[in-house]
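Subject: Structure for you to look at

Hello,

Here is the structure I said I would pass on. My notes on it follow below.

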Amino acid sequence: MTESAWVRIGVRVMAVITLGFLYLPLVILAVHAFNPSRYLAWPPTGFTLHWFADAASNPGLHKAIINSLIAGVGATVLALILGTLAAMAIQRFRFFGRDTISFLLVLPIALPGVVTGIALQTTFRTAGISLGLATIIVGHATFCVVIVYNNVIARLRRLPRSSEEASADLGADTFLTFRLITLPAMRTALLAGALLAFALSFDEVIVTTFTAGPGTQTIPMWILGSLQRPQELPVVNVVAFLLILVSVIPVYFAQRIGGEAIGITR
Amino acid sequence: MTAPNPVTIDPPVERSLGRRVASWLYSRPRTQLRLLLAWPLGWMTAAYFGSLLILLLGAFWTKDSLTGKVIPFSWSLDAFGNLFGAEVYRTVAFRTIGIAVLVTLTAALLAFPIAYYMARIASPRTRRLLVVAVVMPLWAAYLVKIFAWRTILQGNGVLEWVLSPFGFESSGLVELVNSWLVLTYLWLPYMILPVFAGLERIPNSLLEASADLGGRAGVTFRRVVLPLVFPALVAGSIFTFSLSLGDYIVPDLVSDTKFIGNIIYDNSTLGNVPLAAAYALLPIVVVIGYLLVARRLGAFESL
Amino acid sequence: MKTFRITALLAGIGLLAAACGTSVPSGALTELGDGEGELNLVIWVGYAERGEVDPGYDWVTPFEDETGCMVSTTNMNSSAEGVQLLRSGEYDGGSFSGNASVPLMLAGDVAPVNTDLLSNYANVFAGLKDKTHNSLDGVAYGVPHGRGPNVLMWNTEEVTPAPTSWDIIWEDAGDYAGKISIFGVSDFIADAALHLMVKNPDLGITNPYQLNQEQFDAAIALLEEQKSHGVIYWSDAFDQITTFASGDAVVGTSWQFQANTLAGGDPPEPIEATVPAEGSTGWSDTWMIAKNAAHPNCMYLWMNHMMSAEANGQATVWFGEAPTSQAACDYAEGLSPGHCEQTHATDEAYYDKIWYWATPRADCGDEDAATTCKDQDAWLAAWAALTGS
């Protein structure tokens with residue numbers, strides 16, 4: 001290595017500081033989950049578990065969890081299908097407008113969520129479609145497509161065409177080849193894409209507020225709605241804390257599935 | 001001498017429907033393409049671009065003065081007139097773009113050291129751990145993280161507790177600087193990961209060659225490392241810039257100031273869709289422009 | 001011959017009866033059927049409680065048990081927002097103040113009401129019926145829910161002596177700089193205009209909602225001066241409750257609901273509210289049914305329910321507004337003695353000094369064609385410019 005000792009030390013220190021910055025709020029959140037103070041004053045005024053009990057018995061929260069799960073699964077399935085189709089089209093064929101399409105797929109994520117949300121809401125209302133879980137799924141699927149697309153196309157670029165050609169030489173038709181050769185090779189990319197898409201859908205709040213109907217709430221909407229209720233602030237904190245704990249699981253799986261799911265390329 | 005093996009003829013493969021379709025498709029690559037593309041493209045057009053178009057058309061319509069209802073096809077530039085007429089929309093636009101740029105720069109400055117450490121100094125085991133450590137906060141929900149910062153920045157929160165021995169009082173959830181802080185926090189991992197990947201890709205041989213040619217650390221950094229990692233920086237900036245530009249939840253929850261997203265949201269809630277749509281054109285144009293520039297700079301390959 | 005004459009006579013009597021009897025307004029429900037099982041409402045905060053905050057205040061669960069109509073609600077933070085929500089088509093109806101009910105009626109978003117189907121309508125105070133904000137051309141478009149003033153609220157420990165005038169948030173705002181909580185909606189321009197009516201009669205303001213350019217500019221200037229002292233704008237009632245509870249605000253404009261919630265909280269906050277002698281802006285709320293409501297029977301059942309003594313009594317005590325009938329007054333007496341007198345439920349003279357929220361109109365809403373006023377769009381734009389910078 002060519003770096004000087006100063007650089008090595010400096011970079012190491014900065015890394016620690018940055019990591020600390022990244023984790024500080026999460027640690028504070030964890031501490032507040034046991035803080036009896038109604039307004040989450042610091043330092044914590046004691047230790048209590050009763051906010052957990054409150055969270056467990058909150059009916060609005062139960063419904064929100066179910067809605068979030070249904071929306072997440074629905075959006076992920078749609079995104080998997082559409083994203084894979086798009087990736088295969090872009091990767092396998094050369095045609096006019098190829099670059100444009102891959103550019104267009106990024107837009108739903110890049111453009112402000114409020115714009116996407118208002119646009120979708122206006123369309124649904126004009127078409128007379130009643131807002132609810134279905135419209136939430138449509139909205140989520142739209143920006144989850146690009147996530148699956150990115151993962152699949154990165155994998156397809158690395159797949160040698162030779163295996164598929166060999167399969168064809170051996171007499172398999174297109175669908176058989178896809179099922180027996182291509183799909184298994186893409187499996188981890190699909191899984192990684194599905195995980196990321198589900199996480200994004202589970203997490204999304206801006207587009208969701210516009211596409212949910214009056215009676216439907218997802219977890220982020222519940223959090224947003226409850227944020228101002230003085231009596232529910234600590235309960236929101238507990239939910240937030242539990243969400244962090246739950247999110248450790250997908251990270252573990254993502255790590256197991258493969259490095260490229262989260263950025264390791266070597 | 002043994003008898004030659006009798007010639008066996010394999011039974012013909014069953015011409016199932018799937019096989020027939022596959023054969024038909026095999027000779028028609030264009031049709032294959034069209035079938036593949038039809039679904040995602042159709043979806044995007046109908047659900048997304050169609051909706052955007054309807055929204056943006058509304059920017060050119062007017063509202064009834066008394067009832068407040070939008071009159072479709074009442075073509076006029078009233079909404080744009082309002083935008084250019086009042087000072088506040090320019091202020092908010094500059095404020096938002098300014099913060100987005102600031103967040104990008106801060107994130108880049110913070111991301112580079114840790115990404116460099118991860119890519120070039122850490123052992124493979126440490127590197128793997130660090131990648132997981134950086135990715136983990138991404139999985140914590142967006143609102144959860146904003147909420148955590150709220151508890152820190154609010155009156156009687158952690159910040160006040162830290163500052164009080166020095167005699168400072170936290171101003172609570174008011175300042176613009178809160179938004180800058182929280183936005184940087186939210187998008188930092190999105191900057192670290194591409195920069196890390198970009199730094200990883202630089203082969204050691206290049207750096208050694210630069211040293212052999214007499215370049216000291218500073219020169220090598222400026223003339224070899226930086227240009228090579230630049231596309232990755234731009235890739236990261238796509239996230240930090242566009243996500244900060246369009247956000248309205250962060251300024252709403254941790255500060256008292258309004259961003260572009262707030263204006264759009266407020267106007268849409270109050271029924272002034274023409275103004276909201278007209279104002280929405282601003283971030284749309286800016287983001288698309290940014291994406292096009294980023295693509296030219298090679299950022300898309302570094303995502 | 002004889003049969004023919006009798007038939008003609010009977011027919012004639014029938015026609016006469018039909019002509020003299022109450023005719024159902026076109027577009028209104030003609031017959032009340034069974035509940036559809038669901039009801040979606042747009043409401044002001046606290047208008048549909050189901051005992052979650054205080055088990056003694058629950059007028060939704062008895063309704064659901066009796067009619068089978070399961071209620072789900074969305075809170076509006078301002079009349080303009082409420083109008084938009086109703087126009088989305090997702091709701092069966094809601095509680096609307098004058099500056100929401102009038103645009104909705106004019107635009108045809110709400111249906112007239114067939115009062116024959118509402119047994120409790122007869123009990124409502126006559127002074128609340130057939131007003132410009134709840135009827136059009138003599139046809140009723142909703143049922144009254146309650147009315148009340150916007151109040152001045154303060155923390156009794158931090159603000160002494162107890163304020164008796166609106167000056168404390170205008171001329172004297174510097175005394176509590178940075179801790180003033182102001183209703184953050186364009187309707188508040190009327191409060192500035194109201195203050196000018198008292199302090200600056202030369203401007204000639206006769207109606208704080210209908211302002212000509214000069215009067216409007218003066219009101220905006222007053223608001224900017226107020227803002228320079230450091231104002232916290234609120235639009236969500238609970239948001240304001242939090243700012244007062246945490247001490248971030250010590251004085252401001254509010255509704256009796258926030259004062260009640262703070263004073264009755266756990267622990268109770270030292271909060272009081274009053275209407276200064278200069279008068280105040282206020283609101284008179286009406287339950288209205290959407291034009292193509294998905295669950296019209298449930299909505300009618302709800303409207304009738306909200307005029308019943310128990311529901312209206314509880315709701316108006318909970319929010320701190322005036323009940324709409326003597327029966328509700330009597331019921332409220334049991335919950336909060338003296339409630340009717342305190343809220344001036346039957347005191348029409350009192351409400352003459354309360355300027356209900358109204359829609360600013362370009363034609364000033366008067367018969368004089370020569371006068372022009374700033375309309376709702378101008379108010380919204382000016383407010384956005386004031387608070388966005």
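**Confidence**

Where pLDDT is low, the predicted coordinates should not be read in detail. Please keep in mind that this is a predicted model.

Apart from that stretch, the figures for chain C as a whole are a mean pLDDT of 90, with 94% of its residues at 70 or more. For chain B the mean pLDDT is 86, and 95% of its residues reach 70 or more. Among the elements of chain B, the lowest mean pLDDT, 79, belongs to helix H1 (residues 17-26), and the highest, 93, to H4(B). The scores for the model are ipTM 0.84 and pTM 0.85.

**Chain B against chain C**

I then went through the contact between these two chains. Chain B contributes 16 residues to it and chain C contributes 22 residues. Together the two chains bury about 1,700 Å², and carbon and sulfur atoms account for 57% of that area.

What does the rule find in the way of salt bridges across the interface of chain B and chain C? There are two. One salt bridge joins the side chains of Lys63(B) and Asp377(C), with an N to O distance of 2.8 Å. As for polar contacts, three residue pairs are counted between chain B and chain C, with both residues at pLDDT 80 or more.

Two helices of chain B, H4 (87-121) and H12 (260-269), each provide at least two residues of the side that touches chain C. H4(B) gives the largest share of that side, four residues. H4(B) is also the element of chain B with the highest mean pLDDT. By residue type, the side of chain B that touches chain C consists of five nonpolar, six polar and five charged residues.

**Chain A**

Along the principal axes, its C-alpha atoms fill a box of roughly 70 × 65 × 30 Å. Of the 266 residues in chain A, 53% are buried. Among the contacts in chain A with a separation of 6 or more, 69% are between residues 24 or more positions apart.

Regards

Technical notes
Residues numbered from 1 in each chain as written. Chains lettered and ligands numbered in written order. Heavy atoms only, no water. Contact = heavy atoms within 4.5 Å. Buried area = accessible area lost by both parts, 1.4 Å probe. Salt bridge = Lys/Arg side-chain N within 4 Å of Asp/Glu carboxyl O. Polar contact = N/O pair within 3.5 Å; in protein donor to acceptor, adjacent residues only side chain to side chain. Nonpolar A, V, L, I, M, F, W, Y, C, P; charged D, E, K, R; others polar. pLDDT = per-residue confidence, 0-100. Buried < 20%, exposed > 50% of the residue type's maximum accessible area, 1.4 Å probe, protein only.
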